[in-house]
Amino acid sequence: MNRGWKAQTFAAVLAAFLIVSCKPPQAQNDAADDAAGGAAPVKVFKVTRQRISEKVYATGTIEAWQKITITPDVGGKIAAIHVREGEAVRKGQVLAELDTQATRLQLKQAEAGYLVAEAALKDAMKNKERMERLKAEKAVSDQQFEQVDLAAEAAAAQFAQAQAALNLARHALDVSIMKAPFDGVIASRNAEVGDVINPMMGGFSAAGGGGGVLTLVDFNRVKITVEISQDEVMRLRRGQHALVRVTSFPGRDFPAVVSVVNLAANPMTKKFGVEVTTDNPDRDLRPGTFGEVVFEVAMHEQAFVVPQNAILDNSYVFLAREGKAVKTAVTLGLQNRVWVEVVEGVSDGDVVVVEGNYGLEDGMPIDITGEVTL
């Protein structure tokens, strides 16, 4: 019984081996492909004519359009600071004041000196007029006339001196009251009431602080300076449009304009500084943070465009045709981070493999599992 069962099993295995070995090679390959899982899964992109632009990217620090350290022109003790950090102020608004008691006394002294000099000048001029009449009548000597004339000149000089002293005292009082030179926001408060400020020492106070009394910035408009290579800077010009992007607002582009293109390179980096400006009415762009600047340096309308990952070795793509991958040489044009222009090698309506193309070979069976769109 056992011997008969073994003989039947051996005969069945032998028959199966003979059947497989007698199949033609192509049938064996098909069977192997079926055993290996079949066609390679890929995703594709249908080629159509689209607009493509080539871009240059650079990163820089956002700066306020205007920034100033509020420091009085004269030294003195800070008597009052009327604003806080982060507060919006208007042009001409009083921000801080020095102790002006001594300055006001000096102003009164200068005003009194001015009145004295003015009266002396009037008296000297009247004397001169009388002497001129007497001289015409030859009633006085030349020496007497010269004395009166010189006295009038001296009185005029003293009056001019008194007037200058009065203007200086008025100026000292005026600059002791610090006002906003433009609309903006108080970025920092650098001193406190009671500190002694000395503008001749860079705004340092007796308390050890520095940087003036306040820092005022206007970032309703901002600027970003970036460094560009020599090849890239040749493609930029003043007035050219650009975009600013920040990580805090993903997907949002802030339109900007190139305002400065340096003609000389930075001797350390060998790169060229380029400044762009952009309006910032909502103050979403904050000074001191990083921003990416995107320059559009070239653009083609109605170009054949494919995703970057469709291009292999910068020289060929795989087209999907009749269930197989067809290796096709291409000539490339404009490129950016995502897309590339194909000048030669593809036509409108061609289907290009964009995922699963690595490891493909010409003529290999493929299975399209999805389509990528613009």
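Helix α3 (residues 101-136) packs against helix α4 (residues 142-175) at an angle of about 160°, and their axes are 7 Å apart. Axes here are lines fitted to C-alpha atoms, for helices over the stretch in contact, with angles running from 0 to 180 degrees between N-to-C directions. That angle makes α3 roughly antiparallel to α4, a term used for angles over 145 degrees. By class, their contact has 22 nonpolar, seven polar and nine charged residues.

Please keep in mind that this is a predicted model, in which local features need pLDDT of at least 70 and side-chain atom pairs count only at pLDDT 80 or more, while totals for chains, interfaces and linings use all residues. Residues are numbered from 1 along each chain as its sequence is written, and side-chain values use heavy atoms, with hydrogens and water left out.

In the chain there are five helices and 20 strands, and buried residues (under 20% relative accessible area, 1.4 Å probe, protein chains only) make up 33% of its 374 residues.

Which residues touch the most other members of the largest nonpolar core? Of its 26 residues, they are Val226, Ile228, Val274, Val276, Val293 and Phe295, where a nonpolar core is a set of buried Ala, Val, Leu, Ile, Met, Phe, Trp, Tyr and Cys residues joined through side-chain atoms within 4.5 Å. Strand β10 gives the most to this core, with six residues. A second, separate core of 17 residues includes Ile70, Ile81, Val83 and Leu216.

Methods. Helix = DSSP H or I, 4+ residues; strand = E, 2+ residues; numbered from the N terminus. Parallel < 35°, antiparallel > 145°, perpendicular 65-115°, else oblique. Nonpolar A, V, L, I, M, F, W, Y, C, P; charged D, E, K, R; others polar. Buried < 20%, exposed > 50% of the residue type's maximum accessible area, 1.4 Å probe, protein only.
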